[in-house]
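I opened this notebook to keep a record of what I looked up in one structure, entry by entry. Each entry takes up one part of the chain.

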Amino acid sequence: MDGIKDIIRLVKGNRQALAGWIVLLVWILLAVLVPLFWPWSYSEQNVKLCNQAVSMEHLFGTDKFGRDIFARVWYGAGISLLVGTVSALINGSVGVLYGSLAGYAGGYADIVLMRIADLITSIPSMLYVILITLAAGAGVGSIILGLCVAGWVDTSRIVRGEIRRLKETDFAAAARMEGIPCIRILWRHLLPNAAGPIVVNMIFLIPQAVFTEAFLSFLGVGLKPPAASLGTIIQEARSQMILYPNQMICPLIVLCVMLLALNTIGTAAEEQMRRGKSE
């Protein structure tokens with residue numbers, strides 16, 4: 001459990017990481033609370049309110065259909081957060097299971113499992129998302145499925161390397177000599193000591209998934225109306241960006257803030273893991 005303790009110490013002692021967590025928590029609260037309590041709907045159209053500028057009534061202005069951009073942006077932020085979090089959890093879980101089995105088994109089983117992973121990653125992950133959304137229809141479920149086809153491979157490689165290193169340690173050898181089952185050794189002794197790199201990798205999986213979804217939605221392959229993510233909102237504002245730049249700038253800022261906060265947290269945690277290993 002030393003990896004998790006190192007991350008907790010990092011949050012307490014690193015101002016950059018603490019600032020990242022504060023910004024991220026505020027971002028999440030807005031993504032959850034604004035769609036529930038904001039007086040304007042994210043989908044209600046009103047021709048009388050088309051293309052209004054930023055004001056106290058409409059904090060981000062309105063779009064070409066008279067929809068409140070503030071409500072749409074934070075509704076879309078919630079969708080982006082859902083896609084990023086769920087895909088990261090699935091990819092992390094599959095990667096931990098696959099990598100731990102390959103790393104602990106070793107030999108031919110390790111070679112076969114990792115060659116299968118190499119075969120899966122030989123096709124760009126974005127292509128999986130595009131093909132699945134075209135076949136199954138654009139939606140949150142199909143995007144998450146596409147992100148999870150190959151998104152677990154990097155995690156599995158990290159876990160495999162950690163398990164291969166840890167299984168040669170004295171405490172792992174002592175556990176095997178006591179006749180402890182392999183599954184118990186993995187679950188109770190090896191994986192807890194590999195928790196740090198696993199957590200760091202899963203932190204980076206979230207912004208990666210959010211950016212992929214936003215990019216695909218911007219290209220028109222992601223979510224379709226009336227659903228809205230940050231990518232679809234940015235894509236819809238593209239035709240208006242010269243006359244009404246606020247329609248694109250506001251969702252871009254919200255997206256960038258989330259990505260920067262998550263990457264700041266992940267980078268700080270990664271640096272703490274490296275310092276812990278060097279010590």
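**Entry 1**

The model I am reading is a predicted one, and I began with its largest nonpolar core, which has 31 residues, of which W27, F60, W74, V254 and M258 touch the most other members. I then looked up which elements give two or more residues to this core, and found α2 (15-37), α3, α10, α11 (230-236) and α12 (246-278). The largest share, nine residues, comes from α12. I noted beside this that in soluble globular proteins nonpolar side chains tend to be buried together.

**Entry 1: the chain as a whole**

Next I stepped back and looked up the secondary structure, which comes to twelve helices and zero strands. The C-alpha trace spans about 75 × 45 × 30 Å along its principal axes, and of the 279 residues of the chain 44% count as buried. I also looked at contacts between residues at least 6 apart in sequence, and wrote down that 68% of them join residues at least 24 apart.

**Entry 2: α3 against α4**

At what angle do helix α3 and helix α4 pack? I found about 145 degrees for α3 (residues 69-105) and α4 (residues 107-121), with their axes 7 Å apart. On the α3 side the residues that meet α4 are Y98, L101, A102, G103 and A105, and on the α4 side I listed G107, A109, D110, L113, M114, I116 and A117. Sorted by class, this contact has nine nonpolar, two polar and one charged residues.

**Entry 3: helix α5**

I checked the length of α5 (residues 125-136) by reasoning from 1.5 Å a residue: its twelve residues should span 16 Å, and the end C-alpha atoms are 17 Å apart, which agrees. Which residues of α5 are buried? I found Y128, V129, I132 and T133. Seen down the axis of α5 these buried residues fall within an arc of 120 degrees, so they line one face of the helix. The spacing made me recall that an α-helix has 3.6 residues a turn, so residues three or four places apart point the same way. On the other side of α5, I noted L134 and A135 as exposed, while the buried residues pack against α4, α6 (140-150) and α10 (195-219). Just after α5 comes G137, for which I read a positive phi of about 95 degrees.

**Entry 4: a positive phi in a loop**

I then turned to N51, which lies in the loop between α2 and α3. Its phi is near 55 degrees, a positive value in a residue other than glycine. I marked this because most residues other than glycine have a negative phi.

**Entry 5: E213 in α10**

Is E213 buried or exposed? I looked up its place, which is in helix α10, and then its relative accessible area, which is 1%; buried means under 20%, so E213 counts as buried. Not counting residues up to four places away in sequence, E213 touches S80, V83, I143, L223 and S229. I also noted that E213 and G231 are 18 residues apart in sequence and 7.0 Å apart in space, C-alpha to C-alpha.

For α7 (residues 153-166) I repeated the length check: at 1.5 Å a residue its 14 residues should span 20 Å, and the end C-alpha atoms are 20 Å apart, which agrees. The buried residues I listed for α7 are V153, T155, S156, V159, E162, I163 and L166. V153 has 0% relative accessibility, and, leaving out residues up to four places away in sequence, V153 touches A117 and T121.

Helix α9 (residues 182-193) passed the check as well, since its twelve residues should span 16 Å at 1.5 Å a residue and its end C-alpha atoms are 16 Å apart. Its buried residues are I185, L186, L190, L191 and P192, and what covers them includes α3, α7, α8 (170-177) and α10.

Definitions and conventions. Residues numbered from 1 in each chain as written. Predicted model: local features only at pLDDT ≥ 70, side-chain atom pairs only at ≥ 80, totals over all residues. Heavy atoms only, no water. Axes fitted to C-alpha atoms, helices over the stretch in contact; angles between N-to-C directions. Helix = DSSP H or I, 4+ residues; strand = E, 2+ residues; numbered from the N terminus. Contact = heavy atoms within 4.5 Å. Nonpolar A, V, L, I, M, F, W, Y, C, P; charged D, E, K, R; others polar. Expected span 1.5 Å × (residues − 1). Buried < 20%, exposed > 50% of the residue type's maximum accessible area, 1.4 Å probe, protein only. Arc of directions from axis to C-beta. Core = buried A, V, L, I, M, F, W, Y, C linked by side-chain atoms within 4.5 Å.
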